[in-house]
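The exercises below each set a task and then work through a solution. Keep the sequence and the coordinates open while reading.

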There are 4 protein chains.
Amino acid sequence: MSLTAREVETLIREGVPMANDIDLRVELIADKRALARIPFNDRMLRPGGSLSGPVQMALSDATMYAAVLGTLGAVEMAVTSNLSINFLRRPAAVDLYADARVLKMGARLAYCEVRLTSAVDGVYDEHSELVAHVTGTYALPGPLSPPPVGGNADAHR
Amino acid sequence: MSLTAREVETLIREGVPMANDIDLRVELIADKRALARIPFNDRMLRPGGSLSGPVQMALSDATMYAAVLGTLGAVEMAVTSNLSINFLRRPAAVDLYADARVLKMGARLAYCEVRLTSAVDGVYDEHSELVAHVTGTYALPGPLSPPPVGGNADAHR
Amino acid sequence: MSLTAREVETLIREGVPMANDIDLRVELIADKRALARIPFNDRMLRPGGSLSGPVQMALSDATMYAAVLGTLGAVEMAVTSNLSINFLRRPAAVDLYADARVLKMGARLAYCEVRLTSAVDGVYDEHSELVAHVTGTYALPGPLSPPPVGGNADAHR
Amino acid sequence: MSLTAREVETLIREGVPMANDIDLRVELIADKRALARIPFNDRMLRPGGSLSGPVQMALSDATMYAAVLGTLGAVEMAVTSNLSINFLRRPAAVDLYADARVLKMGARLAYCEVRLTSAVDGVYDEHSELVAHVTGTYALPGPLSPPPVGGNADAHR
């Protein structure tokens, strides 16, 4: 039931087209954790010279989802319920990393934290200064709660 | 100094490439308010049948920015400081609207709220059920605070 | 099953001692809405001359809870899952109002918004400038999900 | 200019009456960090048997403020701009700890994270399960930005 980083990446790219747009790479899946990366790409630049905010949000959302998938296995019905991002400094013109942790895995909700940092000398350095800090909640499919008739879920995915 | 909806749309599309990806349309600029729309597009679909969360976040961020630009005129240095989104229900397979209001225009921060709703019979209906609810803060360029030496801004844009 | 403003106030004061500390008054209960007030009290002053942030947070939480109770009837198990507050301007040295709306009543979550404003000429004026803006989520007891063995709830109440 | 834990506790208790109500104890001040505690007290109980949400919010806000004071020295004008709390599990009927870190100290904003945990065998254990997770932003007094005429600050303190 447990998934590899490659399998998680494939699931996310199949499910969320924007993950392809930002060229999401899932680097590591561990217990209640996922590390992902977007390779630096001139197309993401804006005149100010940084990876844009929406790219950072898409990366954060995908990496939280990766951490949930890595912990629970393939849970197709998991949907983001909330995402809150604080932009702290301009990312460097290099790869951008997202390190997501599941801080609480409940029966109905997974609560996650994501730390975004720029690559240092081409690799991940968990002590480098934060580009952004993110928290988010995923609603998990309840084993006893079938989706309502008509298939209209409570949230967006 | 005040900008039309078309001018705001052009500024945002020039500044944030993802605004082009989601085909952002700025429909209305008024005092402390902006209404924007993304035309429904099969490419945004995911298997579950909805506009994805990252698309909704990109739309929300761009519409807040439009409301700030519409209120202050062209403020190139305004940067998103925080964005918090709550996904409330699956969007319908139609155009998605974002209605952004500036709830507080301070000297250094603009605080905004955005309501996302699906089009009803092809048009905007402000009383339809919310797809998502967003709050966010923009940091405004302080007239007396020059950027720190080195040009490293406090936030992401 | 529906409750009056007085009944809701009593339920909250019995359940949350801090509601007594801030002298919470529930003024109105309507469909998916509650209006509450804290009478101005010198004890809440801090040197800067305003009602403190924690008082504003306590008021917001209680008023959201009032809106949920007013909508669902007495739901003892409802617990706050998230509360996010943005402080926008210093409250005046007068009564402080909180106007809470349930923006989405789902099967498992109630999502609310609260607007805090100072009294104007001694009464509520929904168009006065915001003191603070709050969003929050309440987890509702699921009819099919018994609490886990050991009685350890997912959240704080 | 640097302050001891006792000095920070005194400053906060003088400035925010609710810090006295919850019997706030500042245990440690370090670079960009503060650890505080509220002794368990039957008065904070509600029928459900836990420290209430408003008490947790007051503790979180005060501990963020302690971390800012510990980093910058006595900054009377610092005001909370945003606080977002996620309640993760019911606190035990023991002392409650808050561990606050300043994740970004900018020129105008301090961005903080706070982790709340129950005491384990009467002491702090940073690896115990989270009771709540909090993020928040403090607005710092700008050296070049005098308060607007009329003394109406941008935020609540």
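Two strands pair if DSSP finds at least two bridges between them. Helices (H or I, at least four residues) and strands (E, at least two) are DSSP runs, numbered from the N terminus. The model is predicted: local features need pLDDT of at least 70, side-chain atom pairs count only at pLDDT 80 or more, and totals for chains, interfaces and linings use all residues. Residues are numbered from 1 along each chain as its sequence is written, while chains are lettered from A and ligands numbered from 1 in the order in which they are written.

**Exercise 1. Describe the pairing of β2(C) with β1(C) and β4(C).**

Step 1. Strand β1 (residues 25-30) of chain C and β2(C) run antiparallel and are joined by five bridges. Arg25(C) has Arg37(C) of β2(C) as its bridge partner.

Step 2. Two residues lie between the strands in the hairpin of β1(C) and β2(C), and Lys32(C) takes a positive phi near 60° there.

Step 3. Six bridges pair β2(C) with strand β4 (residues 96-105) of chain C, also in the antiparallel sense. Arg33(C) is opposite Arg101(C) in β4(C).

Step 4. A residue is buried if 20 or more other C-beta atoms lie within 10 Å of its own, exposed if 12 or fewer, and partly exposed in between, with C-beta atoms placed from the backbone. Five of the six residues of β2(C) are buried, so β2(C) is largely enclosed by the rest of the structure.

**Exercise 2. Locate Phe40(C) and list its contacts.**

Step 1. Phe40(C) sits in the loop between β2 (33-38) and α3 (53-72) of chain C.

Step 2. With 17 other C-beta atoms within 10 Å, Phe40(C) is partly exposed.

Step 3. Two residues are in contact if their C-beta atoms, placed from the backbone, lie within 7 Å. Neighbours within four places in sequence aside, Phe40(C) is in contact with Ala93(C), Val94(C) and Asp95(C). Phe40(C) and Ala93(C) are 53 residues apart in sequence, yet 6.6 Å apart in space, C-alpha to C-alpha.

**Exercise 3. Check the span of helix α3 in chain D and its surroundings.**

Step 1. The expected span of a helix is 1.5 Å times one less than its number of residues.

Step 2. Gly73(D) follows α3(D) and has a positive phi, near 80°.

Step 3. Of the 20 residues of α3(D), 19 are buried, so the helix is largely enclosed by the rest of the structure.

Step 4. Ala66(D) touches Val8(D), Ile12(D), Val26(D), Ile29(D), Ala34(D), Ala36(D) and Ala100(D), not counting residues up to four places away in sequence.

**Exercise 4. Relate chain D to chain A.**

Step 1. Nine residues from chain D and nine residues from chain A make the contact. On the side of chain D that touches chain A, β3 (79-87), β4 (96-105) and β6 (132-139) of chain D each supply at least two residues.

Step 2. Of the interface residues of chain D, 100% are also interface residues in chain A, so the copies meet through the same surface.

Methods. Least-squares fit on C-alpha atoms with pLDDT ≥ 70 in both.
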